Amino acid sequence: MVQLVDGDIKTREVLGWKGVHVLHFMGSSCSQKLRIFLDLKKIPWQSHPIDLPGYENMQPWFLGINPRGLVPVLVDNGAVHIESNDIIQYLEKKFPTPKLIPVGHENEVAALLKHEDDLHLDLRTLSFRFVFALPGPPKPAVALESYAANGTGTVGGAKDHEKDVQIEFWQRAAKEGFTEERARASARKFRDEFEKLDRTLATQPHLMGDDLSVLDIAWFIYEHRLTLAGYPFARLHPHVHAWAEKLRAMPEFAKEVGQLRHSPEQLEAVRRAQAGKTLEAVVGF
Ligand SMILES: N[C@@H](CCC(=O)N[C@@H](CS)C(=O)NCC(=O)O)C(=O)O
């Protein structure tokens, strides 16, 4: 569990926040996952939107809360929790009903969520290449300088390297873009994962068996983003497609996935970027 310690936190005002507060961004996949979870649990929470396209997460105030500069962040009565999957597991303990992690399977679910999180940068590569398709570097040098310079740089009191991984990702993106080679490698990883999930969903309605769990939420969010990227789920993984369609129809999910709106300029950029360069064409599925 990643709960920050006092010395990690520079933005001291959050220590006095009462109740459940979430710092998040509308179009962020990890934030979507957490918001669906909160909604299914009916946990009341106060919203603090963080403007990722405006680089607010790379400014001193936010880095003073999460030294990694990532959303979502939970502040529960002044205790700061980071990492979406850890936040979810923490809230599951605090708000046990409805159950979204089957009893007795906590460790297994933790390992499976960790595996899901390990694919996050692959999702980001495909999102930026095929969904957001920005014309220039995703993060300007000045924002990355602020990112590097601010926050304590510690998590749990120890020097943390996650921010370096993030900065390296954005610097490489600025230098070489989101290349076909990387897109292909990332898409192949997802193809392997979704092939396994498809076999599971051929024999049971949800990923952990009969009941909906946090794993369904987590993988649904990936499925949804990749669908927006043009990943051919119906053709490659029909059981995953059918499972996702059912989830998409549930109000807690529908509310979220209807929210990823693009401006006309973004849609135009996507059309330009995808002319003859769709995910299917690039990765060869
Ligand atoms: N492992 C982290 C990943 C969080 C993450 O990468 N969040 C993204 C949004 S989905 C973010 O904050 N990106 C920062 C940016 O785009 O500048 C978690 O699960 O919370």
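Residues are numbered from 1 along each chain as its sequence is written, and side-chain values use heavy atoms, with hydrogens and water left out. As the model is predicted, local features need pLDDT of at least 70 and side-chain atom pairs count only at pLDDT 80 or more, while totals for chains, interfaces and linings use all residues.

Helices (H or I, at least four residues) and strands (E, at least two) are DSSP runs, numbered from the N terminus. Four strands form an open sheet in the order β2-β1-β3-β4, and the pairing is mixed; two strands pair if DSSP finds at least two bridges between them. Strands β2 (46-49) and β4 (79-82) stand at the edges with a single partner strand each, so one side of each is left without a neighbour in the sheet. From one strand to the next, the twist averages 20°, where axes are lines fitted to C-alpha atoms, for helices over the stretch in contact, and angles run from 0 to 180 degrees between N-to-C directions. Strands β1 (residues 20-24) and β2 run parallel and are joined by four bridges. In this pair, Val22 stands opposite Ser47 in β2.

Helix α3 (residues 84-94) packs on the sheet and touches β3 (73-76) and β4, contact meaning heavy atoms within 4.5 Å. The direction of helix α3 makes about 30° with that of β3. Asn85 is found in this helix. Asn85 counts as buried because its relative accessibility is 7%; buried means under 20% relative accessible area (1.4 Å probe, protein chains only). Apart from neighbours within four places in sequence, Asn85 is in contact with Lys33, Leu113, Glu116 and Asp117.

On a 1 Å grid over the protein atoms alone, a cavity is a set of points where a 1.4 Å probe fits but cannot get out, and a pocket is an open set with protein on both sides within 12 Å along at least five of seven lines; lining residues have an atom within 4 Å of a point. The structure holds one cavity of 30 Å³ or more, and the largest cavity contains about 40 Å³ of space. Its lining consists of Thr125, Phe169, Arg172, Ala173, Gly177, Phe178 and Arg182. Helix α7 (residues 162-176) gives the largest share of that lining, three residues.

The second largest pocket has a volume of about 230 Å³. Twelve residues line this pocket, and Phe128, Arg129, Leu134, Gly177 and Phe178 are the closest to its centre.

Note on methods. Points joined across faces, edges and corners; volume = space filled by probe spheres on them. Buried < 20%, exposed > 50% of the residue type's maximum accessible area, 1.4 Å probe, protein only.
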